[in-house]
There are 2 protein chains.
Amino acid sequence: MAKDFPTREENYSQWYNDLVIKAGLAENSAVRGCMVIKPYGFAIWEKMQAALDKMFKETGHQNAYFPIFIPKSFFSKEASHVEGFAKECAVVTHYRLKNSPDGKGIVVDETAKLEEELIVRPTSETIIWDSYRNWIQSYRDLPILINQWANVVRWEMRTRLFLRTAEFLWQEGHTAHATQKEAIEEAERMLDIYAYFVENWMALPVIKGIKTPNERFAGALETYCIEALMQDGKALQAGTSHFLGQNFAKAFDVKFATKEGTMEYVWATSWGVSTRLMGALVMAHSDDKGLVLPPMLAPIQVVIIPIYKTTEQLSIVTETALVIKNALENKGITVKYDDDDNQKPGRKFNEYEFKGIPVRIAIGPRDIEQGTLEVARRDTLEKYTYHQIDIENKIENLLKQIQENIYKKALAYREEQTRSADTWEEFKSLLNEKGGFIYAHWDGTSETEEKIKEETKATIRCIPIGNKLEEGKCILTGKPSKQRVIFAKAY
Amino acid sequence: MAKDFPTREENYSQWYNDLVIKAGLAENSAVRGCMVIKPYGFAIWEKMQAALDKMFKETGHQNAYFPIFIPKSFFSKEASHVEGFAKECAVVTHYRLKNSPDGKGIVVDETAKLEEELIVRPTSETIIWDSYRNWIQSYRDLPILINQWANVVRWEMRTRLFLRTAEFLWQEGHTAHATQKEAIEEAERMLDIYAYFVENWMALPVIKGIKTPNERFAGALETYCIEALMQDGKALQAGTSHFLGQNFAKAFDVKFATKEGTMEYVWATSWGVSTRLMGALVMAHSDDKGLVLPPMLAPIQVVIIPIYKTTEQLSIVTETALVIKNALENKGITVKYDDDDNQKPGRKFNEYEFKGIPVRIAIGPRDIEQGTLEVARRDTLEKYTYHQIDIENKIENLLKQIQENIYKKALAYREEQTRSADTWEEFKSLLNEKGGFIYAHWDGTSETEEKIKEETKATIRCIPIGNKLEEGKCILTGKPSKQRVIFAKAY
């Protein structure tokens, strides 16, 4: 199954693409840049959604749904927002088709032209703040803590499954607050939730930081982000949370009466993660044998495979297998028993290894005699013989160990790939020879940041939260700097 | 709160619209025909989704996600499908905007015109069957049982919140089978699931039937439906399930190798329910005092309101209220304790009545002394005094009773509003004076059906499944007929 695709070493980019397709996570569709998320991929995304949704609700947020279309003029209302978003987008200009005069197929009905074009949402700040204007009169209406799960479209020229697609799925939180302080706290709280999710569910360590003005969300006063490192030494932004100040409130005239009776503009945040996380999950943990899924997000956590020659043996093995399956399921573990007669065990082993099932159990007639079973873990590829006694607790523990081990491995890799550079030469050679995160001094100007990007393709991923202050000199200009920031090439 | 809106008697249509908006379920957006689903409405929709999704998965279906855009040419591939769907739709023609030459706002960049226009999906058969072609080679790849939760767009000219909107949310199942028999069984199974859901969760009785060829889904060989009756005597189609034959397999060239080694076209079904069900829920059960929600779909099932004068009383009442809240929550009941100091109890009573909370509990100092509490049920507006002992079981039973009672009330109404007509005159007068479902003979032709629709606005809602055969004469033409079908005016 996994034969005809390259190793990470040979061609990381191709390895990723082939893995996503061959493992049945997603594929390209007939529409340029739009992907089909296949059932196995979608099952992982559903687990991500459920975990995040629960955390959003536990912190007081409610879900809602806003229109997919945004009137073109809305984008012009927030000056920097239009620069960032409205340009590369899907534009709806007509609302009817008609039969072609030549009788061949259908054509756009030119008489059905919209007075104002509609944009398929690339993000929903504008349409949401247009609604909030009617929802907010007084401080009693605040805060508004809303999230929506939705599809969005950004007309990307170069697309990659999950990482960069024209249409993608995401959640976008949009909150409204009476004070700046409360809004900043909200933006930081949501960043913490994202970091918690990515580290504990996806088993992927992240660095929390703030973006430089250059890399900020269009319309934000501050963009908080979490940055992760992939196995090719490139960084991936895994989630962002924005403090939007009063920009959207001013653009859409959303004011509230304070307790003191004055009228003030409302403070805003927005925050989102997307199906891009699926790409991060694959890139961070998988290996040359296929997917490696952290147990907490694996649609199937344990697969049980019977080993047998005769149907009599199968029936004996199946009896024990189903008892074990049941015991595991009572622990909340998701189990598949694969007694498909059309495939040999070896082929099944390969398939489930390729699909990243965290634990594989094999049971044969000799195991039945001896009260044992064979357990293989996907992350380390180690095999153990376990006694069947108390198997549900043993497997539960093993799944926890696997989850932790995947995290630790990713953390060790990141630490290994995190370096400091003190000179321009050192910076360039580290970047080209090793990649990874590079801590370096920067003079704080957008010009320098741009120049470094042009010359090396590296960007400032973030200024880490709680960063250590340290006197130094900018690697490019030599001007004084008070702290190191993190550079990397990025997805 | 509920003062400034008409009764059902005065103006049913306005009553519905005001109720949806004032109860915070949904509102119109700045985009023509597109609604905003507000948190309270969305919380009900989430409960519907969760219940349906569980049933889909229990019957072997998996979720996936397909692109929102469909190339225009795809619609021309299935002849009747294009007639039904591709005409009134949102057409994407360009992929970029640019700054207006006059410096005022942004305009469409005419150089960024798509070679082929993209349609925002009105339904996804075409894009999905284009994918299935690559997924299906042999009978081993079948059946494919896939569902997607998605937004779709149909450019409706006259829209109403939930019932008919340009964009709406729905689920669409798309399955592929090796045999006709299996596909028909699937279409029928899903109809049964819809009927079960609408009757048991929404407390709304439905009639299962098949559509006449005129009313079939564009591209289907058979459309199964469930039909419900609203309080104004109009019918509402609550869900449909389609047997698509081999139409889409032929249009998209999807063949499979049979066990015997021949190549055959694949058999298909599709089925869907949408946010329209939210409209049905409101229209079917609510009254002149506001929403009436069946407990199984109510985001808050029980509200507890403290009655007090002094803060000391409040603290005593709160102590008991929280014990009761906890006991109810341990039963899986959703409870809100509303000790908001800014509103008087009477106002709170009105608000929760208006919002359709099934059970309201009030506790005051005298209740504390006597070990009692006051319980009010929303459906009948009856009040009881309960002893606090074993309150969690009493309330659990009461919620069940309310669920059943709402169903029974709707069923009694439907039975009352179901009549037979034997002559054209009788038919017309029943329709105009009473509405409701009318069982009448029909000669089986599309011409007659059309004529009846033109003259009365009534359509054939369905031919009930398991319909009793009975000799008779068509109400319009007098031609012979073998069974009565159900006519009604419909949403």
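Pro143(A) sits in the loop between helix H5 (125–135) and strand S8 (144–153) of chain A; helices (H or I, at least four residues) and strands (E, at least two) are DSSP runs, numbered from the N terminus. The peptide bond linking Leu142(A) to Pro143(A) is cis, with omega at about -5°. Over in chain B, Pro143(B) is in the loop between helix H5 (125–135) and strand S8 (144–153), and the bond from Leu142(B) to Pro143(B) is again cis, omega near -5°. As background, most residues other than glycine have a negative phi, and most peptide bonds are trans.

Some bookkeeping before going on. This is a predicted model, where local features need pLDDT of at least 70 and side-chain atom pairs count only at pLDDT 80 or more, while totals for chains, interfaces and linings use all residues. Residues are numbered from 1 along each chain as its sequence is written, and chains are lettered from A and ligands numbered from 1 in the order in which they are written.

| Site | Value |
|---|---|
| Leu142(A) to Pro143(A) | omega about -5° |
| Leu142(B) to Pro143(B) | omega near -5° |
| Lys457(A) | phi about 70° |
| Phe162(B) | phi about 70° |

Lys457(A) isn't a glycine, yet its phi is positive. You'll find Lys457(A) in the loop between helix H14 (446–456) and strand S23 (459–464) of chain A. Lys457(A) counts as partly exposed because it has 13 C-beta neighbours inside 10 Å. For the cut-offs, a residue is buried if 20 or more other C-beta atoms lie within 10 Å of its own, exposed if 12 or fewer, and partly exposed in between, with C-beta atoms placed from the backbone.

Phe162(B) is another non-glycine with a positive phi, and it lies in the loop between S8 and strand S9 (167–177) of chain B. Phe162(B) has 25 other C-beta atoms within 10 Å, so it is buried.

Back in chain A, take a look at strand S11 (residues 222–229), which is mostly covered, with seven of its eight residues buried. S11(A) runs antiparallel to strand S10 (residues 207–210) of chain A, joined by four bridges; two strands pair if DSSP finds at least two bridges between them. Across that pairing, Cys225(A) in S11(A) stands opposite Gly209(A). Strand S12 (residues 235–245) of chain A is also antiparallel to S11(A), and eight bridges join them. Here Thr223(A) stands opposite His242(A) in S12(A). The hairpin of S11(A) and S12(A) has five residues between the strands, and Gly233(A) takes a positive phi near 80° there.
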